[in-house]
Amino acid sequence: MKFRVLSLLLCAVAVPGTAAPAAGVVRARENGRQFDRAARAMDRLLNAWMAHADSRTLLLPDRVPGRLRGLKPGDGSRLYTPHNSGADLYPYLILTANLTNPILYRGRMMEMLRNEIRYTTAAASVPANLELSTGELGPPSLFGAGEYAKDGLLAVTEYLGRTPWFYRMVDMTADAMERAQVKSRFGPLPANDAELNGDYLQTLVRLATMTGDRRFTAWARRIGDAYVEEVLPGNFGVPSGKWDFEQHRGDGKLRLRDHGNETVVGLTLLFALENYWQTPRAARYQPAIARMLERIVESANGDGLLYNQVDSKTLKPSNTGLSDNWGYVYGAVYTYYQATGDSRFRDAVRKVLASLPKYRNWDWEPAAKRKLGSFDGYADSIEGAIYLVNREPVPAALDWIDSEMNVMLAMQQPDGHLENWYGEGNFNRTVMLWALMKSQGVRPAAWKPGVGIGAVKDGGNLLISLQAPEPQLVRFDFARHRRVMNFDRNYVRLNEFPEWYTVDENRLYRLRPMSGGTARIVLGSELIAGVTMAPGEWILESEGAPPYAAREIR
């Protein structure tokens with residue numbers, strides 16, 4: 001019966017005179033339905049949190065009453081922190097509003113930024129915790145600045161480019177680094193732990209390429225040198241959870257989940273940049289980075305999944321739970337492959353992706369009275385997988401992503417919340433990553449319920465299904481890694497939004513409806529800005545690279 005239904009569907013979508021396979025249309029339509037489903041879930045969470053905004057500042061508290069990780073009965077606190085609400089919630093509501101409610105994006109989200117700067121900056125542009133109920137401001141927090149930049153403002157910048165949030169990140173990061181207080185022989189560092197140093201390192205590498213400001217390069221190298229020349233040699237080739245830069249010793253622990261893996265990611269991205277620049281540091285860093293990644297892969301279980309924490313010397317797990325951040329670390333492994341061409345590191349990534357079907361319904365982040373644990377473990381694990389399948393589309397991993405997305409989406413409650421804490425922003429992050437995977441990066445300028453865009457690649461072309469009650473302004477993606485981030489290649493980056501199908505600003509494309517209507521010749525820059533498309537199926541075909549003057553283009 002299933003085969004008969006599929007055959008009927010294929011017959012129903014067969015379009016005379018087109019080369020696009022009917023099966024592709026079926027997939028594109030289904031992807032469009034999933035896009036609409038994802039946008040609905042994101043919009044529900046956005047609206048749920050907007051109801052909790054502080055009346056004076058419009059900022060959001062870290063937690064609201066109820067459920068698994070919300071405030072307990074009798075707790076009347078309304079605490080805003082830059083490292084929680086600022087880093088994990090607000091940025092993904094910005095991105096959601098940009099898709100589902102552009103008026104809110106241009107209005108309320110900008111007001112929140114204005115008030116975040118007005119009410120929380122405590123030393124230059126470095127933020128502090130703010131008790132919303134009393135207005136009490138805490139001390140300036142380098143931890144808050146580092147987390148807000150890396151986990152939040154970077155994500156907004158990776159997708160939206162040079163917005164006011166980018167400039168907030170630039171000045172805040174510079175002001176924080178000017179106030180670094182951990183003494184080392186390499187100069188002042190932000191912290192003595194792998195988490196915060198890694199936070200800053202990931203941000204600094206991006207700001208170095210985006211701004212051309214030599215301060216960011218120098219600060220990144222200061223952190224990189226401290227780890228490559230002191231911490232890694234002194235800790236069996238891997239980062240130490242904590243390190244005393246005056247006593248030159250650490251805790252002997254390698255943490256591979258949140259609050260520890262950040263330096264692995266940052267060091268590898270810095271090496272990739274130095275390697276592209278062909279600096280002496282690249283040659284000096286390469287053996288250390290390779291050994292670090294080799295030892296991390298060696299510490300994995302038989303399927304390549306990583307433990308939460310291992311002993312730096314023996315690589316034996318001291319916490320046998322599996323890390324939901326495995327994909328972040330393997331992103332670094334793949335970045336090393338991209339920079340060097342060493343296929344061993346690509347093979348390691350493909351191995352772990354192929355093993356994912358064994359981990360359906362896995363309890364990544366145990367929570368009391370929750371068989372499947374917290375949604376947050378699913379959000380992080382799926383996020384990492386999406387980064388990797390963008391580069392290595394292993395079928396087993398693609399199927400796993402869809403099955404686990406169904407599990408996570410089912411955790412959302414009717415009021416839009418999941419567990420009533422700031423981490424719910426991570427839900428919207430991963431749902432948006434999945435939606436853009438289904439649409440190949442194509443999106444409506446302003447989504448409304450019932451609008452779905454799905455797409456599949458057909459050779460070098462893109463088959464698009466637009467489901468909507470009326471024509472829509474539709475935008476296409478571009479090579480943001482090159483045009484926005486100024487990287488030489490599309491390295492795997494934590495808090496990125498992967499590029500699926502990209503158009504080149506200065507190439508010509510033919511956009512034609514599969515129903516047989518008139519084709520349009522458009523520039524890639526026009527597709528990026530947005531073109532109006534009627535509901536139905538479309539094919540986008542590239543006319544190749546210029547020059548065009550000697551060609552006949554119809």
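Tutor: Contact here means heavy atoms within 4.5 Å. Leaving out residues up to four places away in sequence, E505 touches F478, R483, L523, G524, S525 and I528. This is a predicted model, in which local features need pLDDT of at least 70 and side-chain atom pairs count only at pLDDT 80 or more, while totals for chains, interfaces and linings use all residues. Residues are numbered from 1 along each chain as its sequence is written, and side-chain values use heavy atoms, with hydrogens and water left out.

E505 sits in the loop between α17 (480–483) and β15 (508–513), where helices (H or I, at least four residues) and strands (E, at least two) are DSSP runs numbered from the N terminus.

Another loop residue is T57, which is found between α2 (22–50) and β1 (79–80). T57 counts as buried because its relative accessibility is 0%. Its side chain is joined to that of D54 by a polar contact of 2.8 Å, and a polar atom of the T57 side chain lies 3.1 Å from the backbone nitrogen of L59. Setting aside neighbours within four places in sequence, T57 is in contact with N115, Y119, L130 and L132. R67 is also found in the loop between α2 and β1; R67 is not a glycine, yet has a positive phi of about 60 degrees, and it counts as partly exposed because its relative accessibility is 35%.

F236, in the loop between α9 (214–234) and β6 (243–244), has a positive phi near 60 degrees and is likewise a residue other than glycine.

Finally, consider a pair of packed helices. Helix α14 (residues 375–389) and helix α15 (residues 395–409) have axes 10 Å apart and pack at an angle of about 155 degrees, the axes being lines fitted to C-alpha atoms over the stretch in contact and the angles running from 0 to 180 degrees between N-to-C directions. The two helices are therefore roughly antiparallel (over 145 degrees; under 35 is roughly parallel, 65 to 115 roughly perpendicular and the rest oblique). The residues that meet include F375, Y378 and I382 of α14, together with L398, W400 and I401 of α15. By class, this contact of α14 with α15 has 14 nonpolar, 1 polar and 1 charged residues, where Ala, Val, Leu, Ile, Met, Phe, Trp, Tyr, Cys and Pro count as nonpolar, Asp, Glu, Lys and Arg as charged, and the others, Gly among them, as polar.

Definitions and conventions:
Buried < 20%, exposed > 50% of the residue type's maximum accessible area, 1.4 Å probe, protein only. Polar contact = N/O pair within 3.5 Å; in protein donor to acceptor, adjacent residues only side chain to side chain.
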